[in-house]
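Hi,

Here is the structure I promised to send over. Have a look at it first, and then read on for what turned up.

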Amino acid sequence: FPINPISGNLSRRPDMASKNELQGKWTDAMLTLITGGARSGKSARAQFLAEGQPGELVYLATAQALDEEMSERIARHRADRGPRWCTVECPIDLPDAIAREMGEGRVLLIDCLTLWTSNLLLGEHDFSVASQRLIATLVTASCPVILVSNEVGMGIVPDNALARRFRDMAGRLNQEVAAIANHAELVVAGLCIPLKSNSSQLTSP
């Protein structure tokens with residue numbers, strides 16, 4: 001079963017920040033999906049977009065500190081985000097956390113949907129119900145929401161049923177979120193490929 005590590009958050013590295021600045025930022029998208037492979041730079045891109053907005057920044061974390069290594073990763077990433085950020089841990093109750101935290105003058109960053117999917121699967125929660133609640137919550141968003149997710153179906157077909165189920169769940173959720181997003185990007189090797197831009201506008205800093 002593919003356990004997904006926390007996405008690399010490199011936005012405070014000068015070279016990654018420079019790349020993101022060159023690729024511009026949106027100015028008015030309410031829902032933004034940033035997807036890509038592991039260590040592609042998707043979390044760095046999402047953080048850059050969020051930090052380019054005024055107001056309070058809220059990081060909705062779906063990772064769980066199940067061992068010492070993961071605890072250290074979480075602590076390191078929290079320190080990397082800086083003082084503007086407020087962190088809310090929501091490994092299972094993501095829809096409730098979004099509904100509770102969204103509000104005028106805030107930007108929410110969800111990192112990531114793939115770990116949330118994994119948590120639901122391993123915890124034997126009803127993924128269909130949970131994903132429907134997530135979509136219903138997102139369409140009522142009253143502030144910008146940026147969602148990070150992994151593209152897990154671009155490699156070989158997994159050799160066991162549980163991994164294939166996980167791949168299918170993650171792929172379906174990505175499609176559902178992309179369908180309602182105003183703006184979507186695929187990040188490959190730190191480079192952003194625009195996928196969708198309904199109402200957003202890219203500008204250079």
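Which residue in β5 does Y59 stand opposite? It's L109. Keep in mind that this is a predicted model.

That pair sits where β3 and β5 run alongside each other: the two strands pair in the parallel sense, over 6 bridges. They belong to an open sheet of 7 strands with mixed pairing, in the order β4-β3-β5-β6-β2-β7-β8. At the edges you'll find β4 (85–89) and β8 (191–197), each with a single partner strand, so one side of each has no neighbour in the sheet. From one strand to the next, the twist averages 20°.

Now the packing. The largest nonpolar core has 31 residues, and L60, L94 and I98 touch the most other members. Elements giving two or more residues to this core include β2 (31–36), β3 (56–61), β5 (106–111) and α7 (161–180). The largest share, 5 residues, comes from α6. Apart from this core lies another one of 20 residues, including Y59, A63, V148 and C192.

Last one, helix α2 (residues 42–51). Why call it largely enclosed by the rest of the structure? Because 9 of its 10 residues are buried.

Cheers

Technical notes. Residues are numbered from 1 along each chain as its sequence is written. This is a predicted model: local features need pLDDT of at least 70, side-chain atom pairs count only at pLDDT 80 or more; totals for chains, interfaces and linings use all residues. Side-chain values use heavy atoms; hydrogens and water are left out. Buried means under 20% relative accessible area, exposed over 50%, partly exposed in between (1.4 Å probe, protein chains only). Helices (H or I, at least four residues) and strands (E, at least two) are DSSP runs, numbered from the N terminus. A nonpolar core is a set of buried Ala, Val, Leu, Ile, Met, Phe, Trp, Tyr and Cys residues joined through side-chain atoms within 4.5 Å. Two strands pair if DSSP finds at least two bridges between them. Axes are lines fitted to C-alpha atoms, for helices over the stretch in contact, and angles run from 0 to 180 degrees between N-to-C directions.
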